[in-house]
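Open the model in your viewer and keep the selection panel at hand.

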Amino acid sequence: MKNKRTSLLLSLALFVSMLFSSCTKAQTPDITPIPPVVPAFVFSKGADVGWLPQMEATGFQFYDTDGSQKDGLQLLKDRGINTIRLRVWVNPSTDKINGHCSKAETVAMAVRAKSMGMRIMIDFHYSDSWADPAKQTKPAAWANHTFAELLNDVYNHTAEVLNALKTAGVTPEWVQIGNEIPGGMLWPEGSSSNFAQLAQLLNKGYEATKAVDATIKVIVHLDEGNNNSKFRWFFDNATTNNVKYDVIGMSYYPYWIKSDYTATIVDLENNLKDMASRYGKEVMIVEVGGDYTQVQNTKDMLVAVIAAVNSVPHNKGLGVIYWEPEGEKSWSGYQLNAWQSDGKPSPALDAFK
């Protein structure tokens, strides 16, 4: 009897132990960590449309291929454009071609583009009008400032515009500090012949941008994207002088170097890949364009440029932006637009679809 009782007690103890073990396990499940969600890479297909608001203000009307009147931005979106690039000038005039692009106009356009689901790039010229390799004229209000004051000017202007955008509900994905600056900006103080000073100006723009939102990618932009020696010279100096940036931006205009794209497209692709590997940066064609009278050639060129950027390893080729597709020749006088005289988009833009 005693042995039977002992056996029963042992069985009961074993059952309670197993039950407790099971309950304990149920209370502390094996949790496998969930990896963070990485956003899918989306190639940027873009258009610079700085002229659009003044085109509309002067009565220019945009039409689809079926003859229906449409919003210019919508026509671009319908052709695959997902990014809008906007230049901003400090104190621009009201001239229809060489003016506008103030802070207020830029904010209004950015809000409009964002409401259509577009990504936004802001291009700071640090001038009252066009800045490019041939001219980098200081804004009139900054003309007599010392270099120390110019550093503050760049920081404050950059922060002011980006904060105005942020207040309006827009955070740009990219910001360019300067426009086509192989020779520097804010001449003469910011000339690339004095790279140490140029570096300080660029870094002030970078710091102001990151202070507004650290996720914004900062672009440094040169012309002649097919010219590897120019890019190596500039960005080697940028490295030596500790310039802070995230993306190398390029212009590519076969028309201006008086050569068909077929003669330089391999050079462009090689330079894109070299910049990405040599400096560990992302790369992007922030300006491209072809002769509006050469529709098929321009379309073929765009297809080739998109392929070249897509060929950069590890998704470091971010995208391609056309400058300025909607700037129809009779309105703008610009040969490299991608619009027809009847107000309809050029078929060349179908390359972005």
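At what angle do helix α7 and helix α8 pack, and how far apart are their axes? Select residues 228–240 for α7 and 265–279 for α8 in this predicted model. The angle is about 20°, and the axes lie 11 Å apart. Because angles under 35 degrees count as roughly parallel, α7 is roughly parallel to α8. Their crossing is right-handed.

Now show side chains at this contact. From α7, pick N228, F231, R232, F235, D236 and T239; from α8, pick N271, D274, M275, R278 and Y279. Coloured by class, the contact residues divide into four nonpolar, three polar and four charged.

Next, select helix α5, residues 147–167. With 21 residues at 1.5 Å a residue, α5 should span 30 Å, and the 30 Å between its end C-alpha atoms agrees with that.

Which residues of α5 are buried? They are F147, L150, L151, D153, V154, H157, T158, A159, V161, L162 and L165. Then step past the end of α5 to G169, where phi is positive, near 90°.

Finally, zoom out to the protein chain, which holds ten helices and eight strands. Of its 353 residues, 50% are buried. Among contacts with a separation of 6 or more, 76% join residues 24 or more positions apart.

Methods: Residues are numbered from 1 along each chain as its sequence is written. This is a predicted model: local features need pLDDT of at least 70, side-chain atom pairs count only at pLDDT 80 or more; totals for chains, interfaces and linings use all residues. Side-chain values use heavy atoms; hydrogens and water are left out. Axes are lines fitted to C-alpha atoms, for helices over the stretch in contact, and angles run from 0 to 180 degrees between N-to-C directions. Helices (H or I, at least four residues) and strands (E, at least two) are DSSP runs, numbered from the N terminus. Angles under 35 degrees count as roughly parallel, over 145 as roughly antiparallel, 65 to 115 as roughly perpendicular and the rest as oblique. A crossing is left-handed if the near helix is turned anticlockwise from the far one by less than a right angle, and right-handed if clockwise. Contact means heavy atoms within 4.5 Å. Ala, Val, Leu, Ile, Met, Phe, Trp, Tyr, Cys and Pro count as nonpolar, Asp, Glu, Lys and Arg as charged, and the others, Gly among them, as polar. The expected span of a helix is 1.5 Å times one less than its number of residues. Buried means under 20% relative accessible area, exposed over 50%, partly exposed in between (1.4 Å probe, protein chains only).
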